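User: I've got a model open and would like to go through some of its local features with you. Could you take my questions as they come?

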Amino acid sequence: MIRKAGAFWMDEPSNHPVPPSGSVEDARENARSYRDLLIETMPGLIVHRGGRILYCNTALANLLGYETTEEVLALRGVLSMVPDDALAIEQDAYTRCLTGRGRPEARRVKRFRADSSLQWFDQLLETVEWADGLAVMELLTRMRPHPANADLPRQGQLLQAAIDAMPNGVLMLDSELRLEGANSEYFRLWDYPPGMFPPGTHVSITLDYNYDRGDYGKAPREEVIPRMLAKFQVKGLANAERVIPNGRIVDIRTAPRADGGYVITQYDITDRKRIENELREARDRAEAILQELRETQQQLIVQEKMASLGQLTAGIAHELKNPLNFVNNFAELTGELLDELLALMGPLDDRLSPQAVEEVDALVGDLQSNLRKIADHGRRADRIVKSMLDHSRGGGGEWQRTELNGLVEEALALSYHASRAQDPHFNTTFLRDLDPAVGELQLVPQDISRVLVNLFTNSFYALRKRQLICGDPDYQPTLHVATRDCGDKIVIQIRDNGTGIPQSVIGKLFTPFFTTKPTGEGTGLGLSLSYDIVVHQHRGRFDVASVENQYAEFTITLPRAAASVSLGERRKV
């Protein structure tokens, strides 16, 4: 039994097809017609390689609004139908399809029609053998008439408008760090031309652009780009600040998405940082002013105390001066009268018994000894009163430019000769290291000379004392004097290898009336007055370093520019 099956006659017993009557050429023609009909009834199909269109069917031409396929083949290339904002992602999709790195999956794309309008399509890409090599076969079908699909372009526009309205930059990346979307503020912050990096652009392309314009300095590209890419791939929220070349300061916050992508928000904090810096500078200025006010307040307190002490000292000194003069004068006059009395009593010695003469001589000796002690202590008291008056008056000299090294040499010579006058056997070795760059300095020469003389005198005293008590024949008294230029200030160092100063008394050295010398040898006002001259009058520093029985070093630091205020004027109430 034989039955008809389609275009073929089947021999039922053998199941072998029996060709219809006609020539073989007719059968081939029928097959070609069937193939063409099958292709024409397929969705829009276009085959291309490297952007060049190799083939398209009538359905594609009709979908895109062209009358013939020849019009489609005459286009510049397949990418001429792709909008600018989708070029990068389409190029990447075509490349991935040709290299076999992409898997077939439906995508939603938009294409230009013949009338330049945009239309959305569902797309499927496949790799096919075509002529002399592999090519991309692209199937396009109209989006299915679903209400959500029909409104999708408008929803996308509304979403983009909402993102563009945000005050901060927004960048969205997929799991492979390809750009999915960005708002206009992102392009503004980074000075990118609008639309320069469309969706599908890998973020490394933006990093290459930044590198080429010099954003990352001179570091090698192969080191910079991977390091920057790693900053995007975070597992949790990440926050960083960066100064970009246009001067803006951007706060960058990266957050991973559930689908493996990333949302990067970027805030322009330039104004906030500027305000913070201004507030910080204002705070620093306020703190500096407050510190200056505190120092000034402290100085005023010290000045007031010193003024009160000066007034008290001057009053006491003046009150003591007159009776002290009477004591000294009458002690001297009494000594002279006693000498006259002895001269008158000389002829009477023969009339007295030897015992009486001995008693008279003893009494006269005691009187003379007492008068000498009165005179010595009177002179000491007079020195103390004079020092008190000097301390209360302060400096009275004028500020003037003075050659400092010459002033140091003059004070050194004066002090040494004074010490030699008291002990002619005293000798010392001088080590001078005077910096010629010190030059002239604005100061009160009389007051600074007083300070230097006082320090040199103290050093010579310590050197003589150690020479007397150490008993070492190899000991060589040495005084080292140095000056140094330190730009806006100068330094004077005076160091001796004398008895030194115990650590327990260094903190008291500048206290008025405190002295380390034995009673009768010091008033305790020299260093106090010197400190006042250096620190308060000349706005300098006065430092002391010492190791007992080894050395003592005094360091004076004076500014080159100091307020011209005399010590006496500062103490006026």
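User: To start with A131, is that residue buried or exposed?
Analyst: A131 is exposed, at 80% relative accessibility, where exposed means over 50% relative accessible area, buried under 20% and partly exposed in between, with a 1.4 Å probe and protein chains only. Before we go on, this is a predicted model, in which local features need pLDDT of at least 70 and side-chain atom pairs count only at pLDDT 80 or more, while totals for chains, interfaces and linings use all residues. Residues are numbered from 1 along each chain as its sequence is written, and side-chain values use heavy atoms, with hydrogens and water left out.

User: Where is A131, and what is its phi?
Analyst: A131 lies in the loop between β7 (118–130) and β8 (133–142), strands here being DSSP runs of E with at least two residues and helices runs of H or I with at least four, numbered from the N terminus. Its phi is positive, about 55°, although A131 is not a glycine.

User: And L177, what's its phi, and is it buried or exposed?
Analyst: L177 has a positive phi near 60° and is likewise a residue other than glycine, but L177 counts as buried, with 4% relative accessibility. Its place is the loop between β9 and β10 (179–182).

User: How many bridges join β12 to β13, and what is in the turn?
Analyst: Seven bridges join strand β12 (residues 249–256) to β13, again in antiparallel fashion, and P256 has Y262 in β13 as its bridge partner. The two strands form a hairpin with five residues between them, and G260 in the turn has a positive phi of about 95°.

User: Last topic: where is E332, and why does it count as exposed?
Analyst: E332 is in helix α10 (residues 270–345), and it counts as exposed because its relative accessible area is 52%.

Key. Pairing = 2+ DSSP bridges.
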